[in-house]
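Reader: I would like to learn how to read this model feature by feature. Please give me the general idea, then the case at hand.

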Amino acid sequence: MNILDNFCSIHQEENNQIQFFCLNEEIPEELKSRLLCNYCLEDANKHRLILVSMHRLKNNNRIVSQWPPTFQDISQSILLPENLSKLKISYIEEYYENFKKQICEQLELQKKQDMMAISQMLDYEGILNKYNEISSFSQIQNIIEYNKNSPSTLEQQLNELIKQKYLDIDKNQLIIDSIFQNVTVMQEQELQFIQNDILQKIRSIQILQKSSTLNQIGSMVQSTFKESNKIKIKTSACKIQICPSQLLCGQVYSIKPIRQDKIYQFIIEFDKKPQNYICVGFEEEDHKNRHLGNQGRNSFIIGQVNSSFCSQLLKGNKNLQDLVTEQFVKYLVIEVKLNENKFYISDFPNRTSINCMNQTQYQFKANTDYYFTIQINNQDTQIHILSSKIIHQFTLE
Ligand SMILES: [Zn+2]
């Protein structure tokens, strides 16, 4: 007998045909069965049920939010139809074709200029001709030839010529400039450097796209620390934006604590180089409304070189604190596992400098909730949390 023809054993009213299947881990006491009719739903109003209709179950033609159990909420996922419809194939096609065209045109133009410059540089005769225009060696030669029997005239004419040459300094310089202007072809090593830099930037599109749909922390909330209530927080499916409305000091933390036994990876983006400093780290429940790192050195500082904030260099030639102080580092990646007391941070996507938390300065406590926390100090730099996800092994270790 087909299950869809079955009627609910609890409700004897009309329309009590089985319509839904309940996917909750534990079913509410009122329900007694996972197979539900409309009246069962009514009875379970106060519970948050995860349901799939019998019809869907049979047809397999839709993604059901909250099913199967995952660490990430599937309702935020790109897989849902409303998210899929936002993707514009024509835009992507046009974007890459245009991008390719612009790069090709620029490269072709630069190549032509370089080829022309190098052929001019290799034309030593041409360079020599220009030089001879201003050296006046042939004129000197002529004067000497014509006046070889009249030493005083010779001396006088040579003096006049030399004086004139000194008066012509601007003209001489122009000719020399026109020679050197073409000697601008870059060294192979410099060209290689530029190429790697551009390719790296293109690869970062892919990395950012991959990471942009994962959000394990839900959202961020304002703490009660200083002017935190003036920090605007915008959460979309893809990212969390933290926007101070003016130059201010404040702190925000994740709405959900992070799990002790999982490795979390966070990628954050800054819209500009911090004017003062920003701290990012993990603060325990009791201290999330006070100055991050006040109770222990559980954070990294951006914009200041300070031995108390994850200043230990794990990999790379330059300490990450120095790197972010000296130059604008747009992206940072953070990886943390509380119960192993591990907290790593690096520039992203290159990962040239990896710093870690100094274990003698701070130890994460067991059985304590920790929140991803950002403290900003006297600035209006916008910070975007591009992704927060659980990973299976450290990439920074
Ligand atoms: Zn029922």
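Reader: What should the 34 residues of helix α4 span at 1.5 Å a residue, and how far apart are its end C-alpha atoms?

Author: A word first: this is a predicted model. The 34 residues of α4 (residues 89–122) should span 50 Å. The end C-alpha atoms are 49 Å apart, which agrees.

Reader: What about helix α5?

Author: α5 covers residues 124–135, 12 residues in total. From first C-alpha to last it reaches 16 Å, close to the 16 Å expected. α5 is hardly covered, with a buried count of 0 among its 12 residues.

Reader: Where is C310, and what is its phi?

Author: C310 sits in the loop between β10 and β11 (312–315). Its phi is near 45 degrees, positive in a residue other than glycine. C310 is buried: 30 other C-beta atoms lie within 10 Å.

Reader: Now the sheets. In what order do the 5 strands of the open sheet run?

Author: Strands of a sheet pair through backbone hydrogen bonds, either parallel or antiparallel. Here the order is β4-β7-β15-β9-β10, and the pairing is antiparallel. The edge strands are β4 and β10 (299–302), each pairing on one side only. The twist averages 20 degrees from one strand to the next.

Reader: How many bridges join β4 to β7, and β7 to β15?

Author: Strand β4 (residues 220–222) and β7 are joined by 3 bridges and run antiparallel. There, V221 stands opposite Y253 in β7. β7 pairs with β15 (residues 370–379) over 5 bridges, again antiparallel. G250 stands opposite I376 in β15. In β7 (residues 248–254), 5 of the 7 residues are buried, so the strand is largely enclosed by the rest of the structure.

Reader: And how many bridges link β9 with β15?

Author: Strand β9 (residues 277–284) pairs with β15 over 8 bridges in the antiparallel sense. Y277 has N377 as its bridge partner in β15.

Reader: What is the order of the open sheet of 3 strands?

Author: The order is β2-β1-β3, with antiparallel pairing. β2 (35–36) and β3 (51–53) stand at the edges with a single partner strand each, so one side of each has no neighbour in the sheet. Strand β1 (residues 20–22) is joined to β3 by 3 bridges. F21 has V52 as its bridge partner in β3.

Reader: Which residues have the most contacts inside the largest nonpolar core?

Author: In soluble globular proteins, nonpolar side chains tend to be buried together. The largest core here has 48 residues, and I268 and F300 have the most contacts inside it. Beyond its neighbours within four places in sequence, I268 is in contact with residues including V280, Y331 and I385. Another core, of 7 residues, lies apart from it, and C8, I18, C22 and L36 are among its members.

Reader: Last, the domains. What separates the centres of domain 2 and domain 3?

Author: The domain assignment gives domain 1 (3–69), domain 2 (92–206) and domain 3 (210–391). The centres of domain 2 and domain 3, taken over C-alpha atoms, are separated by 51 Å.

Notes. Residues numbered from 1 in each chain as written. Predicted model: local features only at pLDDT ≥ 70, side-chain atom pairs only at ≥ 80, totals over all residues. Helix = DSSP H or I, 4+ residues; strand = E, 2+ residues; numbered from the N terminus. Expected span 1.5 Å × (residues − 1). Buried ≥ 20, exposed ≤ 12 C-beta atoms within 10 Å, placed from the backbone. Pairing = 2+ DSSP bridges. Domains from an automatic or database assignment. Core = buried A, V, L, I, M, F, W, Y, C linked by C-beta atoms within 7 Å. Contact = placed C-beta atoms within 7 Å. Axes fitted to C-alpha atoms, helices over the stretch in contact; angles between N-to-C directions.
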